[in-house]
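Q: I'm new to this one and would like to go through it with you step by step. Could you have a look at it with me?

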Amino acid sequence: MESILNILFSGVFHASTLFLVAAGLQVVFGVQKVFNLACGSFYALGAYVGIVVVKSFVAGGFPTPLFIVPLIGAGLLLGFIIGPIVERGLIKFVYGRDETFQLLLTFAIVMMIEDVIKFIWGTSPQTTGGIDLIYGRLNLFGATVPVYNLIVILCSLIIAALIGYILLSTKFGRIIRATAEKKEMGEALGINMKMVYIKVFTLGTVLGTLGGALVIPATAVVSEMGVELIVLAFAVVVIGGLGSMKGAFIGALAVGVLKSIAISTFPELEMLTIYIIVIAVLMIKPQGLFGGGKV
Amino acid sequence: MMSLKSTKAFILIVIGLLLLGFPLVASQYVSYLMLTFFAYAIMVLGLNLLFGYTGLLSFGHAFFMAVGAYTAAFLTGKFSILCMEVIIVIAVIISSALAALIGLVCVRYIKIYFAMLTLAFGMLFYSFLLKFYYLTGGDEGMRVLQPHLLGFNLSEIPKMQFLTGNYYFYCFFIFVLLVFVMWKIVSSPFGLCLKAIRDNPEKAEYLGINVKRYRWYAFIISGAYAAIGGVLLGSAIGHVDPGLTYWTHSGTLVFMTLLGGFGNFFGPLIGGAVYIFLQDKVMSLTTYWRFIFGAILAFLVIVAPGGIAGVISSLVKKEKSIE
Amino acid sequence: MAILSASDLRKYYREFCALDGVSFQINEGEFVSIIGPNGAGKTTLINVLTGLLTPNTGKVFYKDKEITGIGPEKLSKMGVARSFQLVNIFPNFTVLEFLMVSVVSRLGKGTNFYSSLLRDQKVTREALEVARLFGLDEKKEVLAKNLPQGDKKMLDVASAFALHPEVILLDEPTSGVSTSDKNKIMETLVSASKEIGIKSIIQVEHDMDIVFSFSDRIIALHQGKILSDSTPAEIEKNEEVVCTVVGQKECFKIFRTLMDRER
């Protein structure tokens, strides 16, 4: 049994990448009311592309410790490219339609991306060969934490702060919050909703791909990771509350730490515990900790 | 010119006869595929009651199918209960009980939350099946031994012949029976209330319909249907594994329902048949069938949400207005 | 005998007070109109009376049973039905199917999942009967969403009537209807009520001609409080009430109508 601090740090690390994906999920749901099942697929894409980028970077003879720069860059770039394509190409056709149809469309995207990944990268797991350890480990309060993990946690915190800033202090953020509150607001205020939708969806996608990119130095990429992640992301959203950024943060922390605890204490019950908690939260407080609105 | 009603009846009888005579003309492989069709058709009939008629999209329908399938595996493998009828009845009892419990939780929610809750339950079962591998065989699954049909032990017959012969007809008759029962349900006052709940739950409430309770009933019936489908499928394949309850398998069931046309009685049956045979065809051409099917689903959602049945009925309407 | 009564109802939306101590009694056989300017709390009152909203304080009684906040489903089973200001229908149902829902619910056949609805003579007959009362029997196979607006409204109201309630609450039954048709609709409603055996009708209504022509009693609501609760004749005498409640323009119209009647 690992020390509690190790578990905690590991949990926070999981939570960081989970937060990014969940935040992407939340912002898209908040504005467009689309629950994007494909957020996990974007995460997976980010991971796969991340591996390619890291490997080429190292093979290209560049200084290895700098791998994190192109990694983040790739994660961002990928999202900026895919986001608008998926939004304009598919998602925009189902705005205003029944929520269940929107869900099904995102499911279709999941299926397609699954095979795109298979086509490009095959089905065997891939890793970066432990490149994250290049930063070494740190001894913090008696726990040994890979420095890379800390970097990722820091990145997520920065992004969380950025998101908070955008939401609270910029015009774009105000628009997001207004439309999340009342859908017709945006149009009523004469704002070009089309651009808003594209931007928001792209933001959500970028968060997803970035999350995937950041996680791969520390884990292996497997072809099912996108499909598995959605359930965790859903757990985060349920616990934190659908549509709430604060909820994504707290929910991610909760799920990340829970996952970590479960892995080291009762590995058999890892996912089981999470699902049970999801169901329990849904029964006791369906809006989650910070969510609002009808369920 | 025959009336619409007798045309429909005529078509049904012809299809029924075709299905009955299928094994005599088609190859063993195709007949085997038809077996899976019967099983899936029963499952989507149940899903359609929930989704098409009551308006609740479940992403965990495969859960009940897996319950049925694993029941068959347990009963035949661990308890040596080989009587098919008993297996089916027990599977229905177990899945109905589970549906009643899970339904109590789920029907309080609608739309996305309902979909995701059912997804969560399905995945809960998945992890359960994986983790308790000493009980369930883990990701290798369990075998389903060949059951006795109507009391007859037919294990001397070669497997493929059994499947495409005796078992085929058995499944066919169960299928027809269940279609008939579902038809009764859907055209009953209960069915009308379900449709009302789908169209406008608030108004239904005002007309004295206990919306939550009726959704619960629909949930239980759909679960029972899925379980029967699971028993038939498991017995046909001879093997069950946790993948049966993975959420994407539930997604497949929804896909089939949508493909054929949800809310339409025969839609899902058409959808099931098309999906199974199309998948078989596409899989033989490329391993990237998921991409193609994903694209089909996207197309369906965006352009033709009424599915195949929707397209057919709008064509029929066009013809009628031309006349 | 009091069939529906409200006792000291208060309802707040955050700081805004929608109902501020509303109490009244409706007796059997009465046709009561609730009037008041927009924002006076009329729809909130109906929502509270029909159990959709729970008041912060106060109670609602149906006969002698308390029904505060019991919810629409239980309420309609007890004998109280309502129609909606904004048409609330089952868009994909035919007129006949729509009315059959009410009949099925009333006859308790909702859980009957084994017998054929189409062959159920009783249900079909009773649904057709209601359709006839509302002039919709010719259109029985028309889909609700394809009906003209006025018919949709009638269908909504008819489905409430088909429940054979003892009390019916109508939320602006003639809104969106042209003035020439309003009287006809009201007469349809009144005669249908008699045929079905509805004991009391409560309506929220803006058109003062209708209100004064059909009501036994008028309750005037203003800023969440009852301004007056009296018969049309008594209100005529109380000018202040009328003008506050209906505004200047309507005021002239009313007194013109009343003066015309006196001639």
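Q: Which residues of α5(C) are buried?
A: In this predicted model, the buried residues of α5(C) are K153(C), M154(C), L155(C), D156(C), V157(C), A158(C), S159(C), A160(C) and F161(C).

Q: And what do they pack against?
A: The buried residues of α5(C) pack against other elements of chain C, namely β6 (80–83), α3, α4 (121–133), β7 (167–171) and α6 (179–196).

Q: How many residues does that helix have, and how far does it reach?
A: Helix α5 of chain C runs over residues 149–161, which makes 13 residues, and from its first C-alpha to its last it reaches 19 Å, close to the 18 Å expected at 1.5 Å a residue.

Q: Back to A158(C) for a second, what is it in contact with?
A: Leaving aside neighbours within four places in sequence, A158(C) is in contact with L99(C), V130(C), A131(C), F134(C) and L136(C). A158(C) is also among the residues with the most contacts inside the largest nonpolar core, together with A22(A), A233(A) and V236(A).

Q: How many residues are in that core, and which helix gives the most to it?
A: The largest nonpolar core has 289 residues, and helix α2 of chain B, residues 28–53, gives the most to this core, with 16 residues.

Q: Changing topic, which chains share the most contacts?
A: Two pairs of chains are in contact, and of these chains A and B share the most contacts. Chain A and chain C, on the other hand, are joined by no contact, and their closest C-alpha atoms lie 15 Å apart.

Q: What about chains C and B, how many residues are in contact there?
A: On the side of chain C there are 30 residues, in contact with 19 residues of chain B. The elements of chain C that give two or more residues to that side are α2 (72–78) and α3 (95–106), and the largest share, seven residues, comes from α3(C). By kind, the residues on this side of chain C divide into 13 nonpolar, 11 polar and six charged.

Q: What is its radius of gyration next to that of a compact globule?
A: Chain A has a radius of gyration of 19 Å, which agrees with the value near 19 Å that a compact globule of 295 residues would have. Along its principal axes the C-alpha trace of chain A spans about 55 × 45 × 35 Å, and buried residues make up 52% of the 295 residues in the chain.

Technical notes
Residues numbered from 1 in each chain as written. Chains lettered and ligands numbered in written order. Predicted model: local features only at pLDDT ≥ 70, side-chain atom pairs only at ≥ 80, totals over all residues. Contact = placed C-beta atoms within 7 Å. Helix = DSSP H or I, 4+ residues; strand = E, 2+ residues; numbered from the N terminus. Nonpolar A, V, L, I, M, F, W, Y, C, P; charged D, E, K, R; others polar. Core = buried A, V, L, I, M, F, W, Y, C linked by C-beta atoms within 7 Å. Buried ≥ 20, exposed ≤ 12 C-beta atoms within 10 Å, placed from the backbone. Expected span 1.5 Å × (residues − 1). Rg over C-alpha atoms; globule rule 2.2 N^0.38 Å.
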